[in-house]
Amino acid sequence: MASATALAAPPLARHVAIIMDGNRRWAARRGLPALAGHREGAEAARRAVDAALAQGVPWLTLYAFSSENWRRPAEEVGGLMGLLRQGIERHWTEMIRRGVRLRMIGDRDRLDAGMREAIERAEASSIANTRLNLVIALSYGGRSEIAGAARRLARAVAEGRVSPDSVDEASFARFLETDGMPDPDLVIRTSGEQRISNFLLWQAAYAEFVFLDVLWPEFGPQHLAQALSAFAARERRYGARPG
């Protein structure tokens, strides 16, 4: 376990994004239903927020539910959505007190009215908070986000608001759902899998990746500290030659 000094070390990563993987495997290994794993995963998400606050990380994005996850059994999807809504409604007053601002990226149209309302209330009530920007990627897919940005840009060009010759990477990024947010410096994936799974495809172009061989329900502050330490030890060159 990391020492208290290591856990308190200031991070160099401004924006940490986490692919929270392994809930179902955690449950299966214990002979439990998938929802039990998601319930433990929700507790791990709370620990991740606590750890980010303790480490001074200003931006934390959690990949809570992908656009592909809608293909899972209806009972599992409904249970997971219920846990997410319950977590927002039960803990958000405390999160506001602690200086957390909530944002959501993803397809809100696929969420039920109660979930949308809970998210919108949390977003509106926390808009002035600056200690931690907590971004929930919910019903989210990177390819879908890029396609949506392309459609919005095409409409802007057709309406004469944008010149085609002026389009560059920076101007295109303004049409993404993450407009105004910093790109992730560090992407963490749990469960030992080593793939990006359609997560922040545009934004993670120059992110550092850390793959942890721990299932998400077992994730704790020491794992975030371990990933931040690995990030701090790397040299980021953004395609340039080393000096």
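How many salt bridges does the structure hold? The structure holds 16 salt bridges. The model is a predicted one. Side chains of opposite charge can pair when their charged atoms come close.

**View 1. Asp50 and Arg98 meet in a salt bridge.** Their side chains come to 2.7 Å, N to O. Asp50 sits in helix H3, residues 34-55. Arg98 sits in the loop between helix H4 (74-97) and strand S3 (100-105). The two residues are 48 residues apart, and the pair links distant parts of the chain. Asp50 has a relative accessible area of 32%, so Asp50 is partly exposed.

**View 2. Arg72 forms a salt bridge with Glu76.** Here the closest N and O atoms are 3.3 Å apart. Are the two partners buried or exposed? Arg72 is partly exposed, with a relative accessible area of 27%. Glu76 has a relative accessibility of 10%. Buried means under 20%, so Glu76 counts as buried.

**View 3. Arg195 and Glu193 belong to a salt-bridge network.** The side chains of Arg195 and Glu193 meet at 2.8 Å, N to O. Arg195 is partly exposed, with a relative accessible area of 45%. Glu193 is partly exposed too, at 24%. Which residues join them in the network? Asp21, Arg25 and Arg189 do, through salt bridges that share partners.

**View 4. Tyr140 and Phe199 form an edge-to-face aromatic pair.** The count for the structure comes to seven aromatic pairs, and Tyr140 with Phe199 is one of them. The ring centres lie 6.3 Å apart, with 85° between the planes. Where do the two residues sit? Tyr140 is in strand S4, residues 132-140. Phe199 is in the loop between strand S5 (186-189) and strand S6 (208-211). They are 59 residues apart, and the pair links distant parts of the chain. Both Tyr140 and Phe199 are buried. Together with Tyr63, they form one aromatic cluster.

**View 5. Phe172 and Trp202 form a tilted aromatic pair.** The distance is 4.9 Å centre to centre, and the angle between the planes is 40°. Phe172 lies in helix H7, residues 169-173. Trp202 lies in the loop between S5 and S6. The pair therefore ties together parts that are 30 residues apart in sequence. Phe172 counts as buried, at 12% relative accessibility. Trp202 is partly exposed, with a relative accessible area of 28%.

Notes
Residues are numbered from 1 along each chain as its sequence is written. This is a predicted model: local features need pLDDT of at least 70, side-chain atom pairs count only at pLDDT 80 or more; totals for chains, interfaces and linings use all residues. Side-chain values use heavy atoms; hydrogens and water are left out. A salt bridge is a side-chain nitrogen of Lys or Arg within 4 Å of a carboxyl oxygen of Asp or Glu. Helices (H or I, at least four residues) and strands (E, at least two) are DSSP runs, numbered from the N terminus. Buried means under 20% relative accessible area, exposed over 50%, partly exposed in between (1.4 Å probe, protein chains only). Rings of Phe, Tyr and Trp (its six-membered ring) pair if their centres lie within 6.5 Å; planes under 30 degrees apart count as stacked, over 60 as edge-to-face and the rest as tilted.
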